[in-house]
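I open my notebook with two topics to look up.

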Amino acid sequence: MTKLHPHTKILLLAIVSCLVILLDSPIALLVCFLVSLCFQASIPPSWRQIRLLILFVGLGTWGLIYSQGIFYNQFPRTVIFTLIHKDVPVIGELTGGIHLYREGLFHGAVQSLRFNTMLTISCFIIWTTQPRDLLLALVKLRVPYSLAFMVTTGLRYIPLIGSEAQTVIRSQRLRGFRYLRLNLFHTISGILNSLRPILTNNIRRATHLSEAVESRAFSPDATHRTSLRELKTRQGDVILITLSLICLLGVIGLKGVYFLYANGLYYASWLRGAYTFAREVL
């Protein structure tokens, strides 16, 4: 999977983004998430990448499930337990009580599958594609060069910001500072002191980058550009994109047929299997 053409990875990301929007069934969304994990496992990722992915997936899942469990506003809904009773002064009177709903937890779990699928596929693309290859692929897909350059530059800055943040945090710990303290103002001031050198270094690096780009006569309006590397499409890329497009078109077709049936616009007895499949699986 690491040898996939950058065009293929970008198109795969677009197809997956359409699928996670069209699909409603938890089973179908779980299949999409497992497929994205298979792509990630084919790298294979390093232990650091695995830890980052687990952290992002865990935080995203917990946040979506917990937030949807509390703020779910559809009916019917079943209260599991009450966080703040409606008789509590001020907050309870304003909100009518804050509860945790069973249907909200289920809805949050479904939404987390969508989020985690896109997150996993995006990490796979970023971790297996060189920024220069991604730039060439975006330009070949008729993306404006200035926008493609901004995207690839931003992606290249992400690991640099992470390493700088680790350096600043480590230096503060060596000086005896602890982030988790009972004194909230002390904690906030420590975080602000950590952000200041990180922001300063990024401004300095952005200034050097702009000077380097200008010194090389960069122009976003230039029409003729050449590259030392040429990206070649393999047979595996064609097969993967073809299968993905067939899957996407199949889902769109089944969803469209079921929509016509559910709204009483069109019904055919020979499509009963398609109606059942779209309702139960998709």
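I start with a term: a crossing is left-handed if the near helix is turned anticlockwise from the far one by less than a right angle, and right-handed if clockwise. I keep in mind that this is a predicted model.

**Entry 1: two helices**

I looked up helix 1 (residues 6–22) and helix 6 (residues 131–140). They pack at an angle of about 70°, and their axes are 9 Å apart. That makes helix 1 roughly perpendicular to helix 6, because angles of 65 to 115 degrees count that way. Their crossing is right-handed.

Which residues make the contact? Helix 1 gives P6, H7 and I10. Helix 6 gives D133, L134, L136, A137, L138 and K140. I sorted the residues of this contact: 6 are nonpolar, 1 is polar and 2 are charged.

**Entry 2: aromatic pairs**

I searched the whole structure and found 4 aromatic pairs. One of them is W62 with Y66, and this pair is stacked. The centres are 5.4 Å apart, with 5° between the planes. Both residues sit in helix 3 (residues 47–71). They are 4 residues apart, so about one helical turn separates them. Are they buried or exposed? W62 is exposed at 57% relative accessibility, while Y66 is partly exposed at 38%.

Next I looked at Y258 and Y261. This pair is tilted, at 6.0 Å centre to centre and 50° between the planes. They lie 3 residues apart in helix 9 (residues 235–262), which means about one helical turn between them. Y258 is partly exposed at 24%, and Y261 is partly exposed at 34%. I also noted that Y258, Y261 and Y275 form one aromatic cluster.

How values were computed
Residues numbered from 1 in each chain as written. Predicted model: local features only at pLDDT ≥ 70, side-chain atom pairs only at ≥ 80, totals over all residues. Heavy atoms only, no water. Axes fitted to C-alpha atoms, helices over the stretch in contact; angles between N-to-C directions. Parallel < 35°, antiparallel > 145°, perpendicular 65-115°, else oblique. Contact = heavy atoms within 4.5 Å. Nonpolar A, V, L, I, M, F, W, Y, C, P; charged D, E, K, R; others polar. Phe/Tyr/Trp six-rings, centres within 6.5 Å; stacked < 30°, edge-to-face > 60°. Buried < 20%, exposed > 50% of the residue type's maximum accessible area, 1.4 Å probe, protein only.
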